[in-house]
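Dear colleague,

Please find below the structure that I am handing over to you. My notes on what was found in it follow directly after.

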Amino acid sequence: MFAVGITGGIGSGKSTVADLFAMRGVPLVDTDVIAHRITAPGGLAMPSIATEFGPSFVAHDGSLDRAQMRALVFSDDTARSRLEAITHPLIRAETERERSEARGPYVMVVVPLLVESGSWKNRVDRVLAVDCTVETQIERVMRRNAFTREQVLAIIERQATREARLAAADDVIVNDAVSIETLSREVDALHRQYVSLAGT
Ligand code: ADP
């Protein structure tokens with residue numbers, strides 16, 4: 001099925017925009033949700049994580065001890081690569097499975113790190129980037145997550161730049177000081193375009 005990958009930096013509004021597509025009957029496959037599920041109790045990634053990193057990285061309920069793993073990979077790029085070597089193939093496989101089961105005019109795959117993790121761009125037919133200024137990202141995430149400005153900036157610095165994201169995108173929704181009504185109209189126009197592309 002025709003697939004649109006939606007991406008954007010933290011706080012850009014990609015979940016908000018993806019939900020507007022979902023309201024129009026577009027099935028969503030969210031790679032963040034899948035990443036969380038495979039590391040939940042009994043999750044597909046947990047046996048390999050326990051083997052590779054040891055039982056201290058598994059919480060009592062059988063899920064990933066996220067605080068412990070975050071602390072490790074924050075300062076250790078090799079550990080991050082070892083973790084991703086386990087999780088990325090599983091996320092890709094689960095995404096493919098959900099895509100093949102999705103029913104609708106086309107499917108939308110939510111990939112926050114589409115630009116960062118090279119191969120995603122080739123796995124979708126079209127890339128939609130949700131864009132806003134860094135200042136807007138900071139304001140939104142400080143409000144949403146009760147983070148400090150420095151915490152938000154540290155996350156943004158690890159993500160692709162706006163320019164890199166825009167360069168990879170076929171379509172862009174600008175989401176700075178935009179009302180939900182305006183966003184909805186833009187989503188309507190893109191939705192029509194995607195339905196038409198999916199049918200050809
Ligand atoms: P992302 O998924 O890219 O991290 P979200 O869609 O969760 O971003 O948006 C971040 C926050 O900003 C949320 O609390 C959301 O409700 C709010 N938000 C996003 N876009 C708008 C907008 N156009 N107007 C008002 N609030 C918005």
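Two helices, α1 (14-22) and α7 (134-145), each supply at least two residues of the shell around the ligand. Helices here are DSSP runs of H or I with at least four residues, strands are runs of E with at least two, and both are numbered from the N terminus. Please note that this is a predicted model, in which local features need pLDDT of at least 70 and side-chain atom pairs count only at pLDDT 80 or more, while totals for chains, interfaces and linings use all residues. Residues are numbered from 1 along each chain as its sequence is written, and side-chain values use heavy atoms, with hydrogens and water left out.

The ligand

The largest share of the shell, 3 residues, comes from α1. The ligand has 13 residues around it, of which K14, S15, T16, N175 and V178 come nearest; a residue is near a molecule if one of its heavy atoms lies within 4 Å of it. By type, the shell divides into 3 nonpolar, 7 polar and 3 charged residues. In this division Ala, Val, Leu, Ile, Met, Phe, Trp, Tyr, Cys and Pro count as nonpolar, Asp, Glu, Lys and Arg as charged, and the others, Gly among them, as polar.

A polar side-chain atom of S15 lies 2.4 Å from an oxygen atom of the ligand. For the side chain of K14, the distance from an N or O atom to a ligand oxygen is 2.8 Å, and for that of S12 it is 3.3 Å. The protein covers 72% of the 560 Å² of accessible area that the ligand has on its own, as computed by the Shrake-Rupley method with a 1.4 Å probe.

The strands

Strands β4 (residues 126-131) and β5 run parallel and are joined by 4 bridges; two strands pair if DSSP finds at least two bridges between them. Within this pairing, V130 stands opposite I173 of β5. Strand β5 (residues 171-174) has D171 and I173 on its covered face and V172 and V174 on its uncovered one.

V174 is also 9.2 Å from T133, C-alpha to C-alpha, although the two are 41 residues apart in sequence. T133 is placed in the loop between β4 and α7 and counts as partly exposed, because its relative accessibility is 29%. Buried means under 20% relative accessible area, exposed over 50%, and partly exposed in between (1.4 Å probe, protein chains only).

The aromatic rings

The whole structure holds 3 aromatic pairs. Rings of Phe, Tyr and Trp (its six-membered ring) pair if their centres lie within 6.5 Å; planes under 30 degrees apart count as stacked, over 60 as edge-to-face and the rest as tilted. Y106 and Y194 form an edge-to-face pair, with 5.6 Å centre to centre and 75° between the planes. Y106 lies in the loop between α5 (77-101) and β3 (107-110) and Y194 in helix α10 (residues 180-199), so the pair ties together parts that are 88 residues apart in sequence. Both Y106 and Y194 are buried. Ring pairs link these two and F21 into a cluster.

Positive phi values

Most residues other than glycine have a negative phi. A146, in the loop between α7 and α8 (149-158), has a positive phi near 55°. A177, in the loop between β5 and α10, has a positive phi near 45°. A146 is exposed, with a relative accessible area of 67%, and A177 counts as exposed at 85% relative accessibility.

With kind regards

Definitions and conventions:
A polar contact is a pair of N or O atoms within 3.5 Å; within protein, one must be able to donate a hydrogen and the other to accept it, and residues adjacent in sequence count only if both atoms are side-chain atoms.
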